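User: I want to learn how to read side-chain packing and sheets in a model. Please go feature by feature.

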Amino acid sequence: MSQVLGKPQPEDEDDDEEEDELVGLADYGDGPDSSDADPDSGAEEGVLDFSDPFSTEVKPRILLMGLRRSGKSSIQKVVFHKMSPNETLFLESTNKICREDVSNSSFVNFQIWDFPGQIDFFDPTFDYEMIFRGTGALIFVIDSQDDYMEALARLHLTVTRAYKVNTDINFEVFIHKVDGLSDDHKIETQRDIHQRANDDLADAGLEKIHLSFYLTSIYDHSIFEAFSKVVQKLIPQLPTLENLLNIFISNSGIEKAFLFDVVSKIYIATDSTPVDMQTYELCCDMIDVVIDISCIYGLKEDGAGTPYDKESTAIIKLNNTTVLYLKEVTKFLALVCFVREESFERKGLIDYNFHCFRKAIHEVFEVRMKVVKSRKVQNRLQKKKGATPNGTPRVLL
């Protein structure tokens with residue numbers, strides 16, 4: 001950054017115009033001409049290229065696995081499709097592998113593959129190595145209200161096979177449907193699953209495999225927080241973002257700051273102070289309020305424009321002398337801050353420091369966009385050849 005935080009200088013309007021063009025990676029290659037186009041669109045005639053090295057570098061792959069009726073599809077619908085948790089009761093059981101591109105922002109940019117619980121992808125006729133090769137995270141969903149011994153056996157088999165193919169996979173275990181358990185039962189269930197899963201790995205001599213465990217439910221914000229932590233591990237720019245947030249809050253008198261993806265309510269970064277669940281829930285509720293009000297009053301009379309743009313900002317004062325402050329960073333990202341009322345009196349300083357922070361974020365985006373654009377060009381050239389670099393033909397599903 002060219003400016004020093006906390007030392008106000010006149011803002012250049014030309015900077016704002018230039019920054020608005022840097023909207024993120026979602027503008028590159030996510031349309032029908034994209035090499036990562038949805039297979040059902042006809043662009044690739046239903047061909048899924050598991051072993052494409054370029055696409056996985058652009059869009060990390062997240063696998064959703066678990067036994068039947070464990071809640072995998074419900075998680076995906078609630079987090080990324082705004083489906084009401086009650087509506088998920090009517091979802092049909094998934095009977096085929098479903099792939100979906102998530103390109104809501106520059107950093108929340110990945111593929112989710114939902115695997116049916118009844119598919120045995122370790123069958124000799126199914127090349128599971130192609131699936132795990134290039135995977136960023138494997139989320140295994142366990143139904144906490146059911147007998148989870150079979151799920152633990154499948155978890156162990158899945159993790160050991162995947163680790164042999166790709167040692168860089170992040171293994172995440174969602175202990176799901178905990179809304180029906182008491183607090184004591186939640187803790188006991190998590191402790192039991194954690195102990196059994198790690199004991200199984202130790203017995204197999206695989207103590208170096210790290211499993212992360214989360215208590216989740218679609219009926220509260222726990223599923224969003226868990227997905228936030230999963231996605232953050234796939235963001236190479238995360239240390240840079242955290243450092244920028246730390247500098248920003250220390251120079252602005254801010255207690256806590258989150259960088260949110262507005263569409264999914266996943267926070268892609270926060271400062272180094274601990275995250276409180278209640279604080280996160282307040283941020284999610286604030287984003288919902290801002291988007292709902294903007295959809296009603298923020299559009300033009302003819303309905304043109306977008307409800308969330310560079311002018312979007314919101315201030316909510318709580319009854320405990322705390323102020324919630326939301327500012328637009330890009331058309332997909334928002335900064336949500338917790339500020340004490342006495343510190344918020346220096347709003348001019350906060351706004352200036354935010355301008356510096358926003359400019360730095362756009363510079364991070366610009367570097368990443370150049371890399372992604374180059375990858376997309378290489379990917380298109382490679383796909384025109386009809387085979388992957390190692391000579392393996394693309395797999396038809």
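User: Is F80 buried or exposed?

Analyst: F80 is buried, at a relative accessible area of 11%. Buried means under 20% relative accessible area, exposed over 50%, partly exposed in between (1.4 Å probe, protein chains only). F110 is buried too, at 2%. This is a predicted model: local features need pLDDT of at least 70, side-chain atom pairs count only at pLDDT 80 or more, and totals for chains, interfaces and linings use all residues. Residues are numbered from 1 along each chain as its sequence is written, and side-chain values use heavy atoms, leaving out hydrogens and water.

User: How is a pair of aromatic rings described?

Analyst: By the distance of the centres and the angle of the planes. Rings of Phe, Tyr and Trp (its six-membered ring) pair if their centres lie within 6.5 Å; planes under 30 degrees apart count as stacked, over 60 as edge-to-face and the rest as tilted. The structure holds eleven such aromatic pairs. For F80 and F110 the centres are 5.8 Å apart and the planes at 75°, so this pair is edge-to-face. F80 belongs to helix 3 (residues 72–81) and F110 to strand 4 (residues 109–114), so the pair ties together parts 30 residues apart in sequence. Helices (H or I, at least four residues) and strands (E, at least two) are DSSP runs, numbered from the N terminus. Ring pairs also link F80 and F110 with F174, Y214 and F227 in a cluster.

User: What sits over the ring of W113?

Analyst: The charged end of R61, 4.7 Å from the ring centre. The criterion is NZ of Lys or CZ of Arg within 6 Å of the ring centre and within 35 degrees of the ring normal. K265 lies over the face of F224, at 5.1 Å from the ring centre.

User: How do side chains alternate in a regular strand?

Analyst: Between the two faces of the sheet. In strand 4, N109, Q111 and W113 are on one side, F110, I112 and D114 on the other, and all are buried.

User: How do strands of a sheet pair?

Analyst: Through backbone hydrogen bonds, either parallel or antiparallel. Two strands count as paired if DSSP finds at least two bridges between them. Strand 2 (residues 61–66) and strand 4 run parallel, joined by four bridges. There, R61 stands opposite Q111. Elsewhere, five strands form an open antiparallel sheet in the order 9-8-12-11-10. Strand 9 (267–270) and strand 10 (313–317) are at the edges, each with a single partner strand, so one side of each has no neighbour in the sheet.
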